[in-house]
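Work through the exercises below with the sequence and the model open. Each task is followed by a stepwise solution.

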Amino acid sequence: MEILSAHAGAPGLVVGILLLAGGTFAWFRIRRQVRMISKAIFGTPSLSEGLERQADVLAETPKSVSGMTRLCLPQIEEDFPEFHWPQWRQMCENMLKAYLAALSSQDMAALTGKGGAASEELRKQVEFRIQDQRIRGVRETYRQVKIHQTEIARYQKEAGMCVIKLQSAVEYYYEETGPEGEVSSTPAKISGKRSKRVEDQPKNRKIQTRYNMELIYIQDLSKIKDLATAVGVTCPNCGAPITGLGSKFCEYCGTGVTPVDTRVWKLHRVEGENH
C-alpha cells in the first residue's frame, strides 16, 4: 500500500516541479526583457536607476508654455497703445516671485510692496493660502525661484473688461515642513492643488512647473456680468463707438471718455499647474 501511495503522489510532485521551473524561467525571461527595455530607453539595465536618471532630466528641463504673444500683442497694442509688453512681463514675473515669497514667509508685505499691481482678489488669494498653512500647522517654502519664460497665452474682451492671460515656466526647490521643522508626511500643496507626497520629492531636486496669471483691465463695472461677451463702449457726447478700449478720448469728437473705475491693469489671479 505504501508503494502504491508513493507512486500515486509522484505525478503531483512532478507537476509542482514543472510549474516551479516554468515560473522561474518566466521570471528570468521577463527580467531580461525589462533590463533590455531599460537599457534601450535609459541607457542602463537598472530600471530604478533609469527612472531616477529620467527624473533628474525632467527636474532640469523647463516646462513649455503656451506662446501666443505674436498673435495677441498686436491686438492689445491696438486697444491700448500705451501698453508696454516688456515692462508688464517683468512686472508680472516680479509679482509671481513676490507671491511665492509671501507664501514662504507667511507675510503679505512681500506682495503688497510691489507697486500696487496686485488686485484685491490676488491679495485675498494669498491670505487664504497663508491661513490654510497656519490651520494645517505647516509652512510651504519656495527657494531659488527662477522664471524661464513668460508668454501671453490669450487676450479676451469681455463684458466691461479686458483680460490678458499669461503663462510662465517656473522652477524652484519646494518643501513643506511641520511646526517643529520636520518634513511633512502629508501631501504637499503646490499653488493651491494637491501634489506628490513631500517625501517622494528629494530635497535636492528642482521642481519644474507652469503658472498661469491674469492681467485684468476694468472698463465698466456695470457691464461685468457672468463673463458675458463684451459690449461696445460709446462716447457719452456723440455716441460713436470707442474702438480702442484703452482710449481716453473719442476719436470722432475729441470728448474725454470718463472711466467708471480707475482703468488700470491689475494682476488678478495666480494659479500653478501640477505635472
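A disulfide is a pair of cysteine sulfur atoms within 2.5 Å. The model used here is predicted.

**Exercise 1.** Find how many disulfides the whole structure holds, then decide whether Cys 72 is buried or exposed and do likewise for Cys 92.

Solution.
- Step 1: searching the whole structure for such pairs gives 0 disulfides.
- Step 2: a residue is buried if its relative accessible area is under 20%.
- Step 3: Cys 72 has a relative accessibility of 8%, so Cys 72 counts as buried.
- Step 4: Cys 92, with a relative accessible area of 1%, is buried too.

**Exercise 2.** Which residues of the largest nonpolar core touch the most other members, and which element gives the largest share?

Solution.
- Step 1: the core has 39 residues, and those touching the most other members are Phe 83, Tyr 99, Leu 111, Ile 164, Tyr 211 and Trp 265.
- Step 2: elements giving two or more residues include helices H3 (69-79), H4 (85-105) and H6 (120-136), and strands S1 (139-158) and S2 (161-177).
- Step 3: H4 provides the largest share, 10 residues.
- Step 4: leaving out residues up to four places away in sequence, Ile 164 touches Phe 83 and Trp 265, among others.

**Exercise 3.** Compare the span of H6 with the expected one, and state what follows the helix.

Solution.
- Step 1: H6 has 17 residues, and 1.5 Å a residue gives an expected 24 Å.
- Step 2: the distance from the first C-alpha of H6 to its last is 24 Å, close to that expectation.
- Step 3: buried residues of H6 include Leu 122, Arg 123, Val 126 and Asp 132.
- Step 4: after H6 comes Gly 137, with a positive phi near 70 degrees.

Definitions and conventions. Residues are numbered from 1 along each chain as its sequence is written. This is a predicted model: local features need pLDDT of at least 70, side-chain atom pairs count only at pLDDT 80 or more; totals for chains, interfaces and linings use all residues. Side-chain values use heavy atoms; hydrogens and water are left out. Buried means under 20% relative accessible area, exposed over 50%, partly exposed in between (1.4 Å probe, protein chains only). A nonpolar core is a set of buried Ala, Val, Leu, Ile, Met, Phe, Trp, Tyr and Cys residues joined through side-chain atoms within 4.5 Å. Helices (H or I, at least four residues) and strands (E, at least two) are DSSP runs, numbered from the N terminus. Contact means heavy atoms within 4.5 Å. The expected span of a helix is 1.5 Å times one less than its number of residues.
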